[in-house]
2 protein chains.
Amino acid sequence: MKPFCFSNNVIIESARASCHPLDIGLIRGYAIFDFFRTVGPNPLFLDDYLTRFTNSAKKAHLPLSYSKEDLAHIIQELIERNHLFDGGIRMILSGGISDNFFTPSIGDLFIFCESLKLPGTEKYEKGVKLLPVEYVRPIPKIKTTNYTLPCFLSVDWASEGAEDVLYHHLGLVSESSRSNVFMVKDGLISTPATHILEGITRKKVMELAPDIQERDVFFDEILEADEVFITSTTKRILPITQIGDKKIGDGNPGRHTRSLMQSFELLEQEIIGYFR
Amino acid sequence: MKPFCFSNNVIIESARASCHPLDIGLIRGYAIFDFFRTVGPNPLFLDDYLTRFTNSAKKAHLPLSYSKEDLAHIIQELIERNHLFDGGIRMILSGGISDNFFTPSIGDLFIFCESLKLPGTEKYEKGVKLLPVEYVRPIPKIKTTNYTLPCFLSVDWASEGAEDVLYHHLGLVSESSRSNVFMVKDGLISTPATHILEGITRKKVMELAPDIQERDVFFDEILEADEVFITSTTKRILPITQIGDKKIGDGNPGRHTRSLMQSFELLEQEIIGYFR
């Protein structure tokens, strides 16, 4: 984490930030958050992220005493104080101290700046593996901090050579733990329509390729896809070349995936140019 | 909360307790906890709870630098400092600050003393209602802080006149959000065997009535039960007289439930006598 953060309504040293342990954010895992990148010192797709964050708060019944404009100002000040360049910004709204230790209350807002840990070049060139897991997230439309299962499973990912999981349930694919998933078959790109967090990178990819179909994607079907990729803020577009023991396509990142990776990079370059 | 707590390895004022907001206990909802009652100043079934807590830590890959004996000593000191009488004690072990903001790390231990909020007499005499919810908890054998869904739903419970939820999935009943569930049909008592947290009160009830069957309990079946009840640390044995729109039995707490409530009270009295 970078030296300065926003905690308890002021900018302070990050090491001194504090949440009360009886906040239901800790004792009940009830909190919302969001995370975005900066390109240089400039937040990427900031309005999309602030809209999602404020919507998550509303849907989760958590009052947020800051508008999108307020948040943008705080973020700007944090970027400057931290000299953040190509970094990550994490906003968290906790569930608050609750009379019955359960019902959502009035939480605290925290904003941290972080160094970014992006996947290495090799992962983009060779693709990565997902581990299939029978699971579907509750209330996925709200960006909650509910990652108990994947954090637990992540202890064993490395030994399995996997990058992350692929959630499927009752035969339907939903998402990875922190990414959306897409498949390509016979030139058609599809992505699950339901039981997903609506990712900002997913949205941008669908704007780049408006013929992508949002529909039910079956687990049996994705195993037989020509190409699979995932999208997220930090991963952008990352090719998936193996799901469990099953090789996807010829085991290499496919043509459509690589083309979208290029388009997304161009979109980013365009935005960087706009900031200059 | 009571004035003194255990936080960051020392007993301090509860208001000054602090968890860093980047602890994955907050940003990923990854933490374990436990909660038990005191009868007067005496912890009830302490060894069972300490065993479960230390097992949860181990299973969740979270190192705990305190033995059961250490914890018992800290708890004893907290009870004395807080003059706790008929209270609740909450132990939390957070997931810690994680290099990748995800993988379980080395967390902080927090112990708080609380006033107890027990259900009123009317609930025991008339029974309460559960709302059926299609859900099953991941890794239920570990007492994690993963309550995102029920905290979210709890906002609407009051307006539905419900006490809590009843989880069922693929036709099978598992548990309520913080209680185990039992059903009585033709004099036979059954309780779900899988996808549950193994409650300490559940265990004590099964010791009181060793003929209780642990087995698959179907949702269709529980709706047609003669009696239903739930067990938990704070609720002890609480009769369920309605599930959704369906009245259970004749809509009143049944004979077997009332008999077990009495036996459980006798067990508690016996333990209180032992403490004296």
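The model is predicted. Domain 1 of chain A covers 4–115, and domain 2 of chain A covers 121–271. The contact draws 16 residues from domain 1 of chain A and 20 residues from domain 2 of chain A. Taken over C-alpha atoms, the two domain centres lie 26 Å apart.

Polar links also cross this boundary. Three salt bridges are counted between domain 1 and domain 2 of chain A. A:Lys204 and A:Asp48 form a salt bridge through their side chains, at 3.0 Å from N to O. Nine residue pairs are in polar contact between the two domains of chain A, both residues at pLDDT 80 or more.

## The domain 1 side

Which elements each supply at least two residues of the side of domain 1 of chain A that touches domain 2 of chain A? They are strand 3 (31–39) and helix 2 (46–59) of chain A. Strand 3 of chain A gives the most to this side, with seven residues. By class, this side of domain 1 of chain A has nine nonpolar, two polar and five charged residues.

## Relation of the two chains

## The interface between chains

Chain B and chain A bury about 4,500 Å² between them, with 71% of it on carbon and sulfur atoms. B:Leu26, B:Phe102 and B:Phe152 supply 16% of the area that chain B buries against chain A, more than any other three residues. In contact are 52 residues of chain B and 52 residues of chain A. How many salt bridges are counted between chain B and chain A? The count is zero. Polar contact does occur, in 14 residue pairs with both residues at pLDDT 80 or more.

Several elements give two or more residues to the side of chain B that touches chain A, including helix 1 (24–27), strand 3 (31–39) and strand 5 (87–94) of chain B. Strand 6 (109–115) and helix 5 (148–160) of chain B are also among them. Helix 5 of chain B provides the largest share of this side, eight residues. The side of chain B that touches chain A divides into 30 nonpolar, 15 polar and seven charged residues.

Methods
Residues are numbered from 1 along each chain as its sequence is written. Chains are lettered from A and ligands numbered from 1 in the order in which they are written. This is a predicted model: local features need pLDDT of at least 70, side-chain atom pairs count only at pLDDT 80 or more; totals for chains, interfaces and linings use all residues. Side-chain values use heavy atoms; hydrogens and water are left out. Domain bounds come from an automatic or database domain assignment. Contact means heavy atoms within 4.5 Å. A salt bridge is a side-chain nitrogen of Lys or Arg within 4 Å of a carboxyl oxygen of Asp or Glu. A polar contact is a pair of N or O atoms within 3.5 Å; within protein, one must be able to donate a hydrogen and the other to accept it, and residues adjacent in sequence count only if both atoms are side-chain atoms. Helices (H or I, at least four residues) and strands (E, at least two) are DSSP runs, numbered from the N terminus. Ala, Val, Leu, Ile, Met, Phe, Trp, Tyr, Cys and Pro count as nonpolar, Asp, Glu, Lys and Arg as charged, and the others, Gly among them, as polar. Buried area is the accessible area (1.4 Å probe) that two parts lose on being put together, summed over both.
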